Each structure stands twice: as structure tokens, then as C-alpha cells.
Amino acid sequence: MTATARPLRISRWVGLPLLACLALSLVLATPIRVFGLPLPEPVTLMAPAFAWGVLRPALAPAFALLLGGLVLEVLWGAPSGLWAISLLAGYLPVLAIRNVLAGQSNLVLGAWYAVTCLVAQCVGWLITAAVTGSPPALAATALQWLSTVLLFPFTVWLIARFRDADVRFR
Amino acid sequence: MSFRDNPFGEVRLPLLLGAAAAAVVALLVAFALLMTDRRQTYQAGATSALRRASDQVVAPVTGALATPVRWIGGVGQGISGYFFAVSENRRLKSELAVARTWREKAVTLEDENARYRALLGLTLDPPAPMVTARTVSESRGPFANTRLINAGAERGVKVGHPVLTENGLAGRVIGVTPGVSRMLMLTDAASRTPVMIQRTRARAILTGDGGWAPELSYLRGRDAAKEGDLVLTSGDGGVLPRGLAVGRVVRGADGGWRVRLATDAAPIDYVRIVMFEDFVKLEDLRALSRPSPPPPPTPVPALPVQKPKPDQAKPTQARPTQAKPTQARPTEARSTQARPTQARPDPARPDPARPDPAKPAPPPAAQPAPAREPAA
């Protein structure tokens, strides 16, 4: 058996992207301003969440999103469970329509990614409104959605990197 | 079929179903965590050990990441200061001339205020000590606006302490660990701050929504606010000291009144934590909210057996005024919040709100008429 025929380990296509996204979130939490503007705060884990749903249905991504969401909550000081629920709410529709997404162009994938991010943001918005009693500002929510959508090239790279890395992913 | 054969060997769970089931299980776990979260109470001990531990880990990492950027920013400021020194000198001289006039006015007003306070016997809040610290991490999303500060329990920081910048109020402490505290910004969706408009003294609640300008909720009265009015903390409820600068009133895109925060004038870098003790926490709230025991029965004076005259008052009229201790309670609680040292009842001095069992009830004719009416 050659080295290329070995199955891809979970730590490579789930673990490493998870760690990379959390590291990016940590860097973006630095209280600095560039040219007078604060750094953006995208939901970095939405990029691998979409890619994992497209690549292959598996047990690990769901629990990785749960873990990553909990880390984001303690990092950002958000209520426990908020980001885990939002990320999973974005991941589940991707699983449901992965047959539709297979073989689509990057443009179509990008549109679906934007919709998925919107679903996650809406769920977060509803949870925050229910927990705090006041609806979060739509402009701030839209800004975070936009900065998350801008991470789509990373999603494309993840899909291209791991789509042919394992025979089971086809 | 032999015993060694696995009867379920050929049974394979569809991958998609397995992944969906895993996602649903994870969703249920996350939902359970959300239901058990006590973050919104913002009380001491509400933050979990995991949050405290992560704050202690995150703070030095983001602090180290920010250090080179600070250095670069400092170099940039130095260069611009060198090239723009002349124009800045001119601007500062003109500002100084204006400030001198204001200083003279301030000295006069301070003296006048001191005399008024002496005349009225007014007691102000004692000055509270402060701790200076630096913010080392921030979250600025729509659902959470918090910051980590590199001063914690070892420096006396407690949950509830207000946090100021050089421009005004930034937020308050919601979590404390040794070395690090977490501050809730005024813009957080869960932040509620009692404020007042300086011009009209109109009260409102500053309600954060994750946006750049929190909303002024519960603002009442005609012309209570107008664009540019200064907003200060009202001190209502005893959670925050009175008179801290919050910002200026602006008209929001939705037509409502909002506040452009004073802290937006400059990056929030160094902050001061005011060791202000919440008046509400000084009280035993459970004791205050406990229903007071019913008053002992008033001894009925022995009256001589004789036929009552028609002009004498009926004894039943005296009942509503003498047995209403619950109506007097809100007044009692309010006064204890303002002056905590007077909260404990003095056994030597009976509470005027309660009837003295030793004394008989005064005749109804001596009671003021409004006291018989039920409280609104």
C-alpha cells in the first residue's frame, strides 16, 4: 500500500483547520487599531464548517464545531452555547444540500456560503435577543456577516486541498 | 451462524445520517449549556471556572500580540509629533487660553458650591480609590462586547466596579480572576446603565445593542433630550456613581435617541477601575425583601360601659391607618439605599412607620385624612 492510499486522518482535515481558525480569532481579538479602525471580528469557524459539510459527512466536524464554538464563547465573553448553536445551525443545512453543492462552481459555492453564514448570524441574533431582551443592532450583525463572508477564499482552499486527499471523499 | 460472526457486521449507518445525528447531539449539548449559563446575571461567582481559566490564558497571549503593534504605533506618533510640533504648539496655546478662563470660573463655582453644601448639610459620595490597568483583549461583535483588563482580584478589583477611560465611562467589571478582569462594555447587548441628560435631568436607561451608539430607553417628558446634550450616569440604583461622563445625545437612524459614547474619542487602551462599592450590595437584600411580621394587636383601651354618643368616631375607622406596615416599606428601602449606615433598625428608636404596641392607637380624628386612602 502506498502512502497516498492511506486514509486521511481526522486531525488533518478537521483538527488543523479548527486550530488555525481559533488562532486567527485570537489574533483578531488584539485591541489594536489599524489606520484608526478596529480589527474585524469574523466568525472564522464558519469557513471550515462549510468546507467540512461539502467535503464529507462525518461525526467529527459536529463535535469540532461544538468545541470551537465553546472556545469562541470564552474568548469573546459570549453566553455559553451561543456560537456552538450558531455554527451547527450553519453546518446542518450544508449537510442537507451537499448533493446539490457537489461539482458547483466557486461562484455558486460562494453564494451558498453567504447564505449559510446568514443562517448562523440569524440564529445568533435570535439567541442574543432572547437572552438579553434587546435585539442586537442589525448594522453590527451585517458587518460581522460581511467579514465572515470575506473568508470564503479560505473555504475554497480547504475544499480544494482535501477534496482529493482521500478516496472516501469522492 | 457461528458465535464469532458479528450479526451487525453488515449493518452500516449511512454517513449522512451519522453526521446529522452527531450534529443534533452537539446541538443539544450546546443548548443545555446555553440554558445553564449564568453570565447574564453579572454577579460574583456567575462566571465559570472554565471562563476564568481561559481569561487567564488569553490575556497574556493577546497582550504579547499587541505589544509590537503598540511599539509601531508609538514610533508613528513620535514621527508625527516631530513634524507637527509647531502647529500643535499653536493649538495647545489657544486651548490653554480658553482653559484659564474656565479655571477661574471653576474656582468660583467650587467655592460657591462648597458654601451651598455647608448650608444644606449635603453629604457627597466619598472619593473612591482607582486602579489603572491596560486592556489586553477585546471582542467587538454584535453579540458580545467585552474586554480583558490586566488587573484582577489581587489589586482589589471586584465584580461591578465601573471602568473609565480618560474620556468617560467605558463599562463595568463582570468577571475577576487573579491578574485579569473581564469588562462589559456599554455597547454590549446585555448592558443596562442608568443615565440622565445633564440639561434636563431626565432619566433614562442606556441600552446596549452591539452597535456603536447605545439606545436611550425609557426616556420620558417633552424635550427631554436634544442633539448634543451631555449624558451622565444618574447613580440611580446605587450601581454606579453619579455624574460620570457617558457621551452625547445623537439621533439614530431609526429616529430614536442614542448616545455617541465619550470613549469613542480615542482608542480604549489604558483604563481606570473605580473601587466603587455598589450600595445595593452593601445591604442585605433578602432581609429588605422579607415581609415584615404583622404588628401586634393594639390593646383596646377599656372603655366604660355606656351608650356611645352619635358624634363619637367609630373604632373601625382607625383600622386602615394603623395596620399598613407594607405601605411604608418602599420608603424605608429607598432611604437605606441612599444611606447604608442607617439601614439597620435601631432597637432604641422604634420605626416610625410601624405602630408602637405600647401606645394605644390615636383617635381617628387626629390622623390625617389622606393616610386612610390606599396607596396608589
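The model is predicted.

Within H7(A), show the side chains of the buried residues: A:Ala140, A:Thr141, A:Gln144, A:Trp145, A:Thr148 and A:Val149.

Next, bring chain B into view and select the contact between the chains. On the chain A side there are 45 residues, in contact with 46 residues of chain B. Several helices of chain A each supply at least two residues of the side that touches chain B: helix H1 (10–28), helix H3 (60–76), H4, helix H6 (106–132) and helix H7 (138–149). The largest share of that side, eight residues, comes from H3(A). Colour the side of chain A that touches chain B by class, and it divides into 32 nonpolar, eleven polar and two charged residues.

Now turn to the largest nonpolar core. Which of its residues touch the most other members? Of the 104 residues in this core, select A:Met46, A:Leu65, A:Leu87, A:Leu88, A:Tyr91 and B:Ala23. Helix H4 (residues 82–96) of chain A gives the largest share of the core, eleven residues. From chain B, the core draws at least three residues from each of domain 1 (9–82) and domain 2 (130–282). In soluble globular proteins, nonpolar side chains tend to be buried together.

Centre the view on A:Tyr91. Leaving aside its neighbours within four places in sequence, A:Tyr91 is in contact with A:Ala49, A:Gly53, A:Pro61, A:Ala62 and A:Leu65, and also with B:Ala23 in the other chain.

Hide chain A and look at chain B. Chain B contains seven helices and twelve strands. Of its 376 residues, 27% count as buried. Among the contacts in chain B with a separation of 6 or more, 61% come from residues 24 or more positions apart.

Finally, colour chain B by its domain assignment, which gives domain 1 (9–82) and domain 2 (130–282). The centres of domain 1 and domain 2 of chain B, taken over C-alpha atoms, are separated by 23 Å. Select the contact between them: domain 1 of chain B contributes 14 residues and domain 2 of chain B contributes 14 residues. The side of domain 1 of chain B that touches domain 2 of chain B has five nonpolar, six polar and three charged residues.

Technical notes. Residues are numbered from 1 along each chain as its sequence is written. Chains are lettered from A and ligands numbered from 1 in the order in which they are written. This is a predicted model: local features need pLDDT of at least 70, side-chain atom pairs count only at pLDDT 80 or more; totals for chains, interfaces and linings use all residues. A nonpolar core is a set of buried Ala, Val, Leu, Ile, Met, Phe, Trp, Tyr and Cys residues joined through C-beta atoms within 7 Å. A residue is buried if 20 or more other C-beta atoms lie within 10 Å of its own, exposed if 12 or fewer, and partly exposed in between; C-beta atoms are placed from the backbone. Helices (H or I, at least four residues) and strands (E, at least two) are DSSP runs, numbered from the N terminus. Domain bounds come from an automatic or database domain assignment. Two residues are in contact if their C-beta atoms, placed from the backbone, lie within 7 Å. Ala, Val, Leu, Ile, Met, Phe, Trp, Tyr, Cys and Pro count as nonpolar, Asp, Glu, Lys and Arg as charged, and the others, Gly among them, as polar.
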